[in-house]
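Trainee: Could you show me how to read helix packing? I'd like the idea first and then the case here.

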Amino acid sequence: MEEKKEPFIWIHDFSEKSLVNFFVQFTDLESDPSVKIIVIYISSYGGSVYNAMAMRDLIKESSKPVATIALGKCMSAGVYLLCSGTKGFRFCSSSCALMIHEVSSAVEGKTTEMVREIIDLKQLNKIFLTHMAEDMGKQYKDLETLLNKNKNCDIYL
């Protein structure tokens with residue numbers, strides 16, 4: 001018996017496994033002519049920036065509108081994905097906690113390796129914030145200023 005296909009996608013984390021599941025579900029919904037809008041529910045503390053960026057790429061390349069809906073908690077990479085939905089199709093429940101911050105990493109190793117990783121993280125952070133700003137109709141400087149004003153701490157929106 002064929003497994004029932006859900007007409008929506010749930011995102012709880014941004015791991016390698018969740019990326020693979022997202023890809024399979026998203027491409028199924030994208031290719032199904034009966035699906036007019038792809039719906040993504042997000043309830044997550046966040047996770048891998050790179051996996052969130054891959055999910056965003058799929059959303060941005062979709063031929064269908066993509067609704068992103070935040071429920072409960074939508075933090076870090078979750079907010080990034082929420083912003084990537086089609087303009088006019090981004091929603092947040094009234095009791096949802098939204099939180100953004102700079103990208104983070106558990107940098108370790110030799111000094112030269114750590115310096116190189118910090119340089120890469122700064123570049124990744126700029127890409128991450130630029131995508132989010134573009135999706136929100138803002139400029140990178142707007143988000144950078146907001147983070148700097150709050151001493152780069154977690155910002156609950």
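Mentor: Contact means heavy atoms within 4.5 Å, and helices are DSSP runs (H or I, at least four residues) numbered from the N terminus. This is a predicted model, where local features need pLDDT of at least 70, side-chain atom pairs count only at pLDDT 80 or more, and totals for chains, interfaces and linings use all residues. Residues are numbered from 1 along each chain as its sequence is written, and side-chain values use heavy atoms, leaving out hydrogens and water.

Trainee: How roughly do the axes of H4 and H5 cross?

Mentor: Two packed helices are described by the angle and the distance between their axes. Here, the axes of H4 (residues 111-136) and H5 (residues 140-149) come within 8 Å and cross at roughly 115°. Axes are lines fitted to C-alpha atoms, for helices over the stretch in contact, with angles from 0 to 180 degrees between N-to-C directions.

Trainee: Is aspartate 135 buried or exposed?

Mentor: Aspartate 135 sits in H4 and counts as buried because its relative accessibility is 8%; buried means under 20% relative accessible area, with a 1.4 Å probe and protein chains only. Leaving aside residues up to four places away in sequence, aspartate 135 touches Arg56, Lys60, Cys83, Ser84 and Arg90.

Trainee: Which residues does methionine 132 touch?

Mentor: With residues up to four places away in sequence not counted, methionine 132 touches Val79, Tyr80, Cys83, Ile100 and Leu143.

Definitions and conventions. Helices (H or I, at least four residues) and strands (E, at least two) are DSSP runs, numbered from the N terminus. Buried means under 20% relative accessible area, exposed over 50%, partly exposed in between (1.4 Å probe, protein chains only).
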